[in-house]
Amino acid sequence: MSDNHDRVEELLKSISDGNPVDWDSITRDASTGDRVRIAALSELSRIAAFSRSLQRGGEPFASPAAGSAAQPERWGDLLLLEPLGSGASADVYRAWEIRLQREVALKLLRPDAAGNAGRDADAALLQEGRAAARIRHPSVVTVHGIDSHDGRVELWMDLVRGVTLEQIVHDRGPLTADTAIRIGIDVGSAIAAVHGAGLLHRDVKPANIVRDERGRYVLTDFGLGCRTAATSLASAQSGTPMYMAPELFAGAAASERSDIYALGLTLWFALAGRHPFEADSLAKLMAQSGQGPARLREVRSEIPEEIAALVDRAVARRPEDRPASAARFVETLESCATGARAAAPGSPGSRGATRRSARGAALAALLAIAIATAAIVTLRNGRDDSAANRARVANAPATAAPAPAAPAYDVEAAFLKRDDDAAARLLNGDRVSPGDRLSLEVRATRAAWVYVLNEDDRGEHYILFPQPRFDTKNPIPADRTLLLPGTIDGLENAWTVTSAGGREHFLIVVSPEPLPEIEADLGRLPAAEPGRPIEYAQVGASTVEVLRGVGGVSPLPAGAAQPAARSRAFDRFRALAGRETGVSGVWTRQIVFENPRP
Amino acid sequence: MRAGPPPQEPPPPAVPAPLLATTELLRLAKDGDAHAREQLMARYLPRLRRWAAGRLPMRARSLLDTADLVQETLIAVLEGFDRIEVRGPGGFQAYVRQTVLNRIKDQVRWSARRPGPDGVPETIDDPSPSPLENAIGADVLARYERGLARLNDSERELLHLRIELDFDYEEIAGMTGKPSRDAVRVAIQRALARLAEEMGLER
């Protein structure tokens, strides 16, 4: 009886909060007497989900006064909510996928978009769309399905809310080198994923890059309709040829390097605040494209040389002069980012180790205040236990680690700095300051246990996630992007930087199985209780050692300074690289943010 | 570092701050306070429009835009406010909601009677479904409406604000004069339980 009551309360809470519920399994497990009530709750959940979609979808449906006769209301399992736009080859709608109760973008290709080649072209598009649907990357819009009805190919995918890069540059003018690097890394890795699936995007341009609500740059409008637009001059005239590589104008086939060219030209546009070519006819555009854009530093001399050189190389006239792959482009961009930070005056890389350690004692005091509650609770709840546990962990055999035979999976993790209405991804070495609210965006392609550890300047470690009071629990579900720490009693929370001075060190651990060492430390925390302050469990350095063992430690680059005796335990973990595919076993990454005194 | 609610939750742009209880705004509007009237419009109009868009079949939208329909209704309600007796908490929202629904029904009937492409009037027995009916089914929507009608005004108001208009708990607390977001949350869950019970009785 009590179980039933709790379950119904939980369902009511989920409906009200807008959290997803697996109604099929709830219904299956319900007693006959409960099924009627569960069915009614499920219906209410559907009504709530649809209403939320309406409310969060922006403006009300456009009045269909013009062209309403031609506008379908339903397409297969998709309910068309409003037109989002029309291009040369397709119409795009905001739609509601009835069976799965989710909002999607539906792209309906015009009947002649496949190049008038009939069924063969349709079949090729369908095959390409199916390949696209297998791509899972946080910066590639997820394609949910593709089909053909009444002679029209339909493709439905995630509806990405946000603002296009084209609009951002239009509103703000030229972007900073840091922002362009972020865009290049996000979109470049997205293109690499597309190429890795054996596909080409064919329409990379600022209008197809959206900064979503979490600050990530997402490559949208997955090709297909642009397939022909990029491969023939005739269709280019009706499409958007501004970002076409010069060899395409000459009739060459689209290639990975023509996608890289489009990305380079997009970054040129973002950094210069304007398109490199000013042409009012296709003939003029072809002529200018053949000459190539101006060198970026001729337009903005303050752009760091390495970044400008990389963009210039990406827009080289000859394909063979461009970076060999999108992945290579991203790697170079990442090294540019690291180099720029190290060279910046006052940046951490330019400081001496002596100065750093001399400052340590003062910072320790500040940080101790910032997490005073955690320290007190740890002492009260069993410092002795902790010591015993550390000893146990230290002696734990290597087999305590999850079996290495676990199937490989992909992990994506990034810290976000969150404003009231937006969020920006943080890269390793970025600055934070008191008052900043941080969340960890994490996704894995399998159900996984996530742990977030913080190391203070005294070398002590605390478990920031999971926490008894957080609504989000381990394991996190597969293929869902979550923001940690998530909600407490339905109210979204963030980790807040409360003091200045020093650095914030985080270790992110993703594991296919619970890690007994950390779970033991977590087990000593008091049970969740409304109103109780957040309290963090402390873990010993030996637990970190075990993590290094199970997560693997990448070798330091040749010539790197050896860790001093007082070096941080996290320092030998690899820096957060955002996304990694084919992970087996435990995945660990560290990220450090600078938090200097004002 | 600490985990906890953000230092300050700014009100979303759709709802001007500070949030006055709807009853207080209505009282001020009734006394001729133009600012209070504008606040009421700003608070409800965008969300009511989106809500109504889900209720109006595509076919019925060609002559009168959903946005116009809702705006006209809300203005009419506020202008005729002196003549309307709104009782108790939630009475205003319940009245506006029902008035908009009545307007939509009129619109659907009217559009069904106007001549179709072949010049023959379409029958009112064959109205095209609204997006919401398409999404959840006409029978479910009918049971939902009948269930809502059996709740009290306060319960209806909470569900309308949360489930249909997607206001957050904080906003609803401000608008309804409830003491806290937690109080709102609990009240909404109770109202949902009541509604599920009513809907379940009809199955």
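1. A nonpolar core is here a set of buried Ala, Val, Leu, Ile, Met, Phe, Trp, Tyr and Cys residues that are joined through C-beta atoms within 7 Å. The model is a predicted one. Its largest nonpolar core has 130 residues, and those with the most contacts inside it are A:A95, A:L106, A:V311 and B:L192. In soluble globular proteins, nonpolar side chains tend to be buried together.

2. On chain A as a whole: the secondary structure amounts to 19 helices and 21 strands. Of the 598 residues in this chain, 43% are buried. Among contacts in chain A with a separation of 6 or more, 68% are between residues 24 or more positions apart.

3. An open sheet in chain A is formed by six strands, in the order β1-β2-β3-β4-β6-β5, with antiparallel pairing. Strands β1 (74-75) and β5 (143-149) of chain A each have a single partner strand and stand at the edges, so one side of each is left without a neighbour in the sheet.

4. Within chain A, strands β3 (residues 90-97) and β4 (residues 102-109) are paired through eight bridges in the antiparallel sense. A:Y93 has A:L106 in β4(A) as its bridge partner. A:L106 is also among the residues with the most contacts inside the largest core. A:A95, another of those residues, is in contact with A:L78, A:L79, A:L80, A:L81, A:V104, A:L106 and A:W156, once neighbours within four places in sequence are left aside.

5. A:S53 belongs to helix α3 (residues 32-55) of chain A. It is buried because 22 other C-beta atoms lie within 10 Å, the cut-off being 20 or more. Leaving out residues up to four places away in sequence, A:S53 touches A:W96 and A:E103.

6. Strand β21 (residues 587-594) of chain A is mostly covered, with six of its eight residues buried. The strand runs antiparallel to β18 (residues 503-511) of chain A, and eight bridges join the two. One of the bridge pairs links A:F506 to A:I591 in β21(A).

7. A:F593 is another residue to look at in strand β21 of chain A. It counts as buried because it has 22 C-beta neighbours inside 10 Å. Apart from residues up to four places away in sequence, A:F593 touches A:L426, A:D430, A:R431, A:V432, A:R503 and A:E504. A:F593 and A:S433 are separated by 160 residues in sequence, while their C-alpha atoms are 9.4 Å apart in space.

8. In chain B, the axes of helix α1 (residues 22-30) and helix α2 (residues 34-53) come within 7 Å and cross at roughly 135°. The two helices, α1(B) and α2(B), are therefore oblique to each other, since angles count as roughly antiparallel when over 145 degrees and as roughly perpendicular from 65 to 115. Their crossing is left-handed. Where α1(B) and α2(B) meet, the residues are B:L25, B:L28 and B:A29 on the α1(B) side and B:A36, B:R37, B:Q39 and B:L40 on the α2(B) side.

Note on methods:
Residues are numbered from 1 along each chain as its sequence is written. Chains are lettered from A and ligands numbered from 1 in the order in which they are written. This is a predicted model: local features need pLDDT of at least 70, side-chain atom pairs count only at pLDDT 80 or more; totals for chains, interfaces and linings use all residues. A residue is buried if 20 or more other C-beta atoms lie within 10 Å of its own, exposed if 12 or fewer, and partly exposed in between; C-beta atoms are placed from the backbone. Helices (H or I, at least four residues) and strands (E, at least two) are DSSP runs, numbered from the N terminus. Two strands pair if DSSP finds at least two bridges between them. Two residues are in contact if their C-beta atoms, placed from the backbone, lie within 7 Å. Axes are lines fitted to C-alpha atoms, for helices over the stretch in contact, and angles run from 0 to 180 degrees between N-to-C directions. Angles under 35 degrees count as roughly parallel, over 145 as roughly antiparallel, 65 to 115 as roughly perpendicular and the rest as oblique. A crossing is left-handed if the near helix is turned anticlockwise from the far one by less than a right angle, and right-handed if clockwise.
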